[in-house]
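This report describes a single protein chain, shown below with its sequence.

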Amino acid sequence: MSEKTASCSDLKEEFRARQSKISPVSPRIAELRNQTVNKEPEITPERAVLVTEFYRDSDLSEKSSPVIRALALRYILENKELSLQPGELIVGDRGPEPKLVPTYPEICTHSREDLEVLDTREKNPYRVDGKTKEIYEKEIIPFWKGKTMRERVFETTSEEWQAAYNAGVFTEFMEQRSPGHTVLGDKIYRKGFVDIINDIEESKSNLSSDDPNYQAKVEELKGMKIAAEALIAYSERYAVKLEGEAQTEEDEVRKSELEKMAEICRRVPAGPPQTFWEALQYYWFVHVGVITETNPWDAFNPGRLDQHLFPFYKRELEEGTLTKERAKELLQAFWIKFHNQPAPPKVGVTAQESNTYSDFAKINVGGVTKDGENAVNDLTYLILDVVESMRLIQPNFMVQISKKNPERYLKRALEVVESGFGQPAIFNAESIIKQLLRQGKSLEDARRGGCSGCVETGAFGRESYILTGYFNMPKVLELTLHNGIDPETGKRIGTSTGDPSSFSSFDEFFEAYEKQLNHFLDIKIEANKKIQKLYAEHLPSPFISLLIDDCIDNAKDYNAGGARYDTSYIQGVGLGTMSDALASIKFNVFDRNNFSLAELVEALDEDFEDREEILSLIRDRTPKYGNDLDYADDLMERAFEAFFEGVDGRPNGRGGTHRVNMLPTTVHIYFGEKCGALPDGRRAGRPLSEGISPVQGADKRGPTAVFKSVGKLDHAKTGGTLLNQKLTPDLLNGEREREKLAQLIRAFFRMGSHHVQFNVIGADLLREAQENPEEYQNLIVRVAGYSDYFVNLTEGLQDEIITRTEQRSF
């Protein structure tokens, strides 16, 4: 047997060992899991047809926007097909069947060409049959032409904004997706929707007719009430369906289950849940309501799941009405429901910034209670068992680690990490609280908060925190080096900051960069305000407003600033690339006089062709971020502070505030394509660094040095930072090695750092999967703030993950 054959055999054995961790608790869960993993997503025209029928056939001339949106939701929930799969325990799907994905033409109407791209693209396709294409061509596209939010966004934004957008300076989250990203608190575990309707009536009775916004508030509350009643009616439809199924079911065990499920649907969401099963079903009805009303980015999620469900779990175990095994089966069924809902289809730039089926529903466990005590409980460990045994890319999952949490909890989380599919991500509970307190949240709300999406902090159940788009810091640096002219097109899109050859010091150069940076941040923030007002006026969300405090009390929509806290995030991208590029300029041009700035710009414009001496100086002899070198790390801090100062505290369009966070999803690939060669030695078109991670391959001194570099950033000034680390599998092989990593994480978090996540996988296995994708269909890796199937990633993203530094020792 050849060495290569043996190597391939070993890699396949490693892959099989990873798959052996999958252990559904029952045959039915195994079958449901197989179905969701193996079924390819398809576009269903159902929602597009229903929402078009509603707007086309209804007289809406005398109705307000909140009422129109609530009536649209009611019409969809009254008429959408009810999905019920054999053996499932929790009901409700976004489409008529699992993995059938609806579209939202009032936000973004896909063209015939878009549908062809979705159907035929190699990575992450959404199959579109001929009938759907015909429906779109004859009904959907003609009706919505000129009426979509996407068209309004591009009509409202300035020429400067569009030039920067097209050049890859920033992206816009709400050109194909609606505002969202928020997370549920504990409201539904205390109140049924009948109670919430009573809250609406009480809020209405407290209104004053002297209030200049009186009528708008009345209309908003009216829309909320219609939306609440619509979900109750939807659950009643399911109760009727389940009762009918029970009547014809021959298997007595399944018949009893169907009858029980019907009883649950009659109790929730109308009333508060009384059992563990009811709590899961209640949440799921709410989830379906949120993702049917609009396509919020990111999808809704239950947040602190172990905290919400533990009272039900504990009481029923004590009463003997629930077993641990049954609870595990219900949770595994719950996991499958998330996996059955791929993200709505994205095209163009939006697809490139988030090229995945994942809809970023992130479940939190652990951390601290509202009183600041250890929040880990028996259910926390059971949920970790579920995550390990299901091995699905959705829902996204994270652990909050507090200094008050037991070591057993962190070690169990690391055992799941060791299994090698990128979950759970590890978050610092104290850092989350510190960030939220700095932003003005109360201590109790901060302790109840956590992270959603990738790494973004929020006050769960009480905050509208919305991502507005990614911001390409290295592109701004490139424009500074070219005096505001984009070298890709030769057009001026930035402000004049001076000829690079005129700068006599690094400080003078950095001042020019800050001027260029603030120029583009001003453009982005002014457009954000306009876009936010568009959504408040044309696409309010009365359903999600039911769920987030204090929308009902304020009689104000979630999209209009009704929540207790309101935050707009701009996500900085390429901090590692920026750090090394600035270090290269300072070190080589101004400190060592190795070459002039003009010579460097000339080398960049030639993509370093025939500039091997310059390239060698940059790559081999210049300090790099991620190695605990103050020279480079100080410039990382300086680049971050410039971004922070340009954004933090500036008002948004809903009466809230702009903040920053640092994450990429997949946009560092796209942003890299929009940049030429950069001063850190990166060649034109190559990926930028991701999150706050060092440049791929630049960190040479192990994870401890990376953590020390990253720990110099003031994470409390952000709303989340993302750090990726890739470990070889043998590095976590055994209790002693996991103990070392646990201690390292504790030290990292004592520095105030926010987050770290791990790919426990070697580059050899990734290369083997890239070459033979048909044999590794279920290989999962950590990408950014989410995990995904490696073979579904674009080649550029696969290559980027392969080139990340492989840590072989602590």
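## Gln 281 and its surroundings

Leaving aside neighbours within four places in sequence, Gln 281 is in contact with Leu 89, Ile 90, Val 91, Ile 264 and Val 268. In this predicted model, Gln 281 belongs to helix α13, which covers residues 276-293. Its relative accessibility is 2%, so Gln 281 counts as buried, the cut-off being under 20%.

## Ser 579 in helix α25

Helix α25, residues 575-591, contains Ser 579. This serine is buried, because its relative accessible area is 0%. A polar atom of the Ser 579 side chain lies 2.7 Å from the backbone oxygen of Leu 575.

Beyond residues up to four places away in sequence, Ser 579 touches Tyr 625, Ala 632, Leu 635 and Met 636.

Leu 534 is located in helix α22 (residues 506-538). With a relative accessibility of 11%, Leu 534 counts as buried. Apart from neighbours within four places in sequence, its contacts are Met 149, Arg 152, Val 153, Thr 156 and Leu 539. Between Leu 534 and Arg 746, which are 212 residues apart along the chain, the C-alpha separation is 44 Å.

Val 783 is placed in the loop between β17 (780-782) and β18 (787-789). It has a relative accessible area of 0% and is therefore buried. Not counting residues up to four places away in sequence, Val 783 touches Thr 666, Asn 724, Asp 788, Leu 793, Leu 797, Ile 801 and Arg 804. Gln 757 is 26 residues from Val 783 in sequence, and their C-alpha atoms are 9.7 Å apart in space.

## Backbone geometry

Most residues other than glycine have a negative phi, and most peptide bonds are trans.

A cis peptide bond links Gln 423 to Pro 424, with omega at about -5°; Pro 424 is in the loop between α18 (407-418) and β7 (425-428). Another cis peptide bond joins Asp 549 and Asp 550, with omega at about 5°. Asp 550 is in the loop between α23 (542-547) and α24 (551-554).

Phe 360, although not a glycine, has a positive phi of about 60°. Phe 360 occupies the loop between α16 (348-353) and β5 (362-366) and is buried, with a relative accessible area of 2%. Phe 608 is likewise not a glycine and has a positive phi, of about 65°. The loop between α26 (597-605) and α27 (612-621) holds Phe 608, which counts as buried at 0% relative accessibility.

## The chain as a whole

The chain contains 33 helices and 19 strands. Its radius of gyration is 26 Å, which agrees with the value near 28 Å that a compact globule of 810 residues would have. Along the principal axes, the C-alpha atoms fill a box of roughly 85 × 70 × 55 Å. Among contacts with a separation of 6 or more, 78% involve residues 24 or more positions apart.

Of the 810 residues, 65% count as buried.

How values were computed. Residues numbered from 1 in each chain as written. Predicted model: local features only at pLDDT ≥ 70, side-chain atom pairs only at ≥ 80, totals over all residues. Heavy atoms only, no water. Helix = DSSP H or I, 4+ residues; strand = E, 2+ residues; numbered from the N terminus. Rg over C-alpha atoms; globule rule 2.2 N^0.38 Å. Buried < 20%, exposed > 50% of the residue type's maximum accessible area, 1.4 Å probe, protein only. Contact = heavy atoms within 4.5 Å. Polar contact = N/O pair within 3.5 Å; in protein donor to acceptor, adjacent residues only side chain to side chain.
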